[in-house]
Amino acid sequence: MKNKGINSIFKQTNILMIILAFIPLLLSSLFYARQIFIYQNTINNIEEANQLSAKVDAIVLEETWDLVFGQRTVADVEESNVIDELRQDVLHIQQNTSTAKEANTLDVALRTLDTLETYQQHLIDNINQDEPVEQNQYVMVQVDSVIDLLSDILQEFVGVEISLASQTNHELVQSVLLLIFFQVLLIFVIIYIINKNRRFVHDNLQYPLDRLLELSNELAQGHLNFRAELPTTPELRTLTSSLNKMADDLTRLLEENALKQYHLAQSEVRVLQAQITPHFIYNSLDAIVSLIEAHRYDQATEMTYALSDFFRISLSKGHDWIPIEKELRHVDDYLKILQIRYGDMLSYTIENQVQNPDVLILKMILQPLIENAVYHGTKFVRRVGKISVTVTELPTWVQMTVTDNGAGIDSERLTEIQKNLRQNSDPDPSSGYGLYNVYRRLLLNYGSEAQMTINSQHMQGTQVTISVPKKEESSHV
């Protein structure tokens with residue numbers, strides 16, 4: 001079966017409705033053709049009533065509006081009043097009536113003309129008193145209703161005439177019965193066609209539209225894998241296919257964009273990692289040379305091993321996740337190198353409270369914090385610098401704390417740092433990159449679940465706490 005377009009569907013429906021509308025008219029014309037010749041007097045009354053009704057519909061309202069808008073003067077209305085003409089026509093028809101029902105119907109029409117004349121006089125009074133047009137517009141609403149009523153009464157009179165004719169003619173009764181039979185049959189045909197057409201429209205229009213609506217709602221809710229089945233209606237099939245393709249393209253673009261963002265973020269991480277104070281390497285090598293020149297070979301050896309282990313863990317064969325034990329050894333190597341360089345001016349403690357050796361964390365999270373604590377904290381006080389590192393295992397979290405007794409951060413600067421961290425904006429280079437680099441890496445690898453809090457008091461010290469979801473693997477990296 002050839003798939004029909006929307007235009008074809010509605011064209012077919014319209015043609016069917018037109019045919020059904022003309023069938024009763026055609027049957028009525030056939031059934032009442034004989035009555036026109038048999039009951040000439042009744043037909044004359046019907047014709048005059050119809051002419052009168054047409055005159056009412058076509059002339060009265062138009063002339064009344066002409067009066068309201070000044071196209072006809074009051075003198076013109078008084079000289080040639082269409083209502084008087086209508087009244088004479090009704091009286092003429094009334095002279096040809098023979099039953100009380102006909103006379104009563106025409107009496108109602110005459111009283112309706114009296115009411116119409118009253119409204120007309122009201123309009124004339126308003127015009128004579130220069131009332132605003134808005135006053136007459138309200139009256140015209142009433143005039144329009146009265147005209148419709150008069151037209152209905154005249155049509156009712158026509159019905160009375162037809163009814164009288166049917167009562168006196170047995171053949172007319174038979175024709176009426178036959179007409180009723182056809183009308184009932186037509187009603188059943190119409191009901192059948194309507195039900196069939198309703199199912200047709202539902203299957204070809206409503207159902208595909210519902211699927212399109214469902215598709216748009218699912219896509220709006222982010223369910224990009226949802227697809228709608230293709231309908232048979234060509235226009236809706238094209239639209240559905242386009243939306244499905246749009247969803248496919250959107251899914252592909254989002255996946256490509258996510259991959260690009262991931263690689264971009266990974267590249268940024270590599271750059272951020274490369275920013276971890278290169279001068280530390282130079283200073284460490286200079287310190288080793290100085291120790292050798294001072295014949296402090298044991299310390300030079302210890303520092304060399306610590307530096308070697310520090311770089312080995314930093315690389316970790318390219319892995320980003322390492323056991324907590326390795327991360328703390330990485331921190332211990334770093335602090336050991338600094339302690340050898342600064343001597344008695346720096347002390348530290350490392351406490352590992354994690355019992356599960358399979359717990360992994362992102363590597364090089366603690367070292368930048370300790371670097372900040374030394375170079376922006378303990379280095380600026382005259383007392384011995386103390387660094388404390390504590391790692392605690394919670395049921396679903398790992399908490400890491402770095403505490404120093406350094407210069408601390410004043411409240412205004414601390415507020416600015418916390419604001420930059422929330423907005424993920426670039427810091428002032430003079431303040432160092434450690435905190436920001438660590439926080440960016442946490443967001444990249446842990447998402448919004450990662451938390452970093454900073455507590456500091458000026459000239460007393462700073463404490464940085466990191467909380468991340470626990471990650472476990474069956475084997476170490």
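## Salt bridges, helices and surface of a predicted model

Asp84, Arg87, Asp114 and Glu117 are joined to one another by a network of salt bridges. In total, the structure contains 11 salt bridges. Side chains that carry opposite charges can pair when their charged atoms come close.

**The chain as a whole**

The chain is built with 15 helices and eight strands. It has 477 residues, of which 39% count as buried. Its accessible surface amounts to about 27,400 Å², and carbon and sulfur atoms account for 56% of that area. Contacts between residues at least 6 apart in sequence can be sorted by separation: 71% of them join residues at least 24 apart.

| Pair | Distance |
|---|---|
| Aspartate 84 and arginine 87 | 3.2 Å |
| Arginine 252 and aspartate 249 | 3.7 Å |
| Lysine 336 and aspartate 332 | 3.7 Å |

Aspartate 84 and arginine 87 both belong to helix 5, which covers residues 82–95, and they stand three residues apart, about one turn of the helix. Are these two residues buried or partly exposed? Aspartate 84 has a relative accessible area of 34%, so it is partly exposed. Arginine 87 counts as buried, because its relative accessibility is 16% and the limit for buried is under 20%. Both residues are also members of the network with Asp114 and Glu117.

The second pair lies in helix 9 (residues 234–274). Because arginine 252 and aspartate 249 are three residues apart in this helix, about one helical turn separates them. Arginine 252 is partly exposed, with a relative accessible area of 39%, and aspartate 249 is partly exposed at 24% relative accessibility.

Lysine 336 counts as partly exposed at 22% relative accessibility, and aspartate 332 is partly exposed with a relative accessible area of 22%.

**Helix 11 against helix 12**

Two packed helices are described by the angle between their axes and the distance between the axes. How do helix 11 and helix 12 cross, and within what distance do their axes come? The axes of helix 11 (residues 297–315) and helix 12 come within 9 Å and cross at roughly 145°. The crossing of these helices is left-handed. Residues of helix 11 in the contact include Met303, Ala306, Leu307, Phe310 and Ile313. On the side of helix 12, the contact residues include Arg329, His330, Tyr334, Ile337 and Ile340.

**A buried helix and a surface patch**

Helix 13 spans residues 366–375. Because 10 of its 10 residues are buried, this helix is largely enclosed by the rest of the structure. Among the buried residues are Leu366, Pro368, Ile370, Val374 and Tyr375, and also Gln367, Glu371 and Asn372.

Which residues make the nonpolar surface patch? Leu177, Ile180, Val184, Ile187, Phe188 and Ile191 form it, and its area is about 570 Å². Isoleucine 187 lies in helix 8, which runs over residues 170–220. The relative accessible area of isoleucine 187 is 47%, so this residue is partly exposed.

Definitions and conventions
Residues are numbered from 1 along each chain as its sequence is written. This is a predicted model: local features need pLDDT of at least 70, side-chain atom pairs count only at pLDDT 80 or more; totals for chains, interfaces and linings use all residues. Side-chain values use heavy atoms; hydrogens and water are left out. Patches are made of residues with over 30% relative accessible area and no salt bridge: like charges are joined within 9 Å, nonpolar side chains (Val, Leu, Ile, Met, Phe, Trp, Tyr) within 5 Å. Accessible areas come from the Shrake-Rupley method with a 1.4 Å probe; for residues, only the protein chains shown count as cover. A salt bridge is a side-chain nitrogen of Lys or Arg within 4 Å of a carboxyl oxygen of Asp or Glu. Helices (H or I, at least four residues) and strands (E, at least two) are DSSP runs, numbered from the N terminus. Buried means under 20% relative accessible area, exposed over 50%, partly exposed in between (1.4 Å probe, protein chains only). Axes are lines fitted to C-alpha atoms, for helices over the stretch in contact, and angles run from 0 to 180 degrees between N-to-C directions. A crossing is left-handed if the near helix is turned anticlockwise from the far one by less than a right angle, and right-handed if clockwise. Contact means heavy atoms within 4.5 Å.
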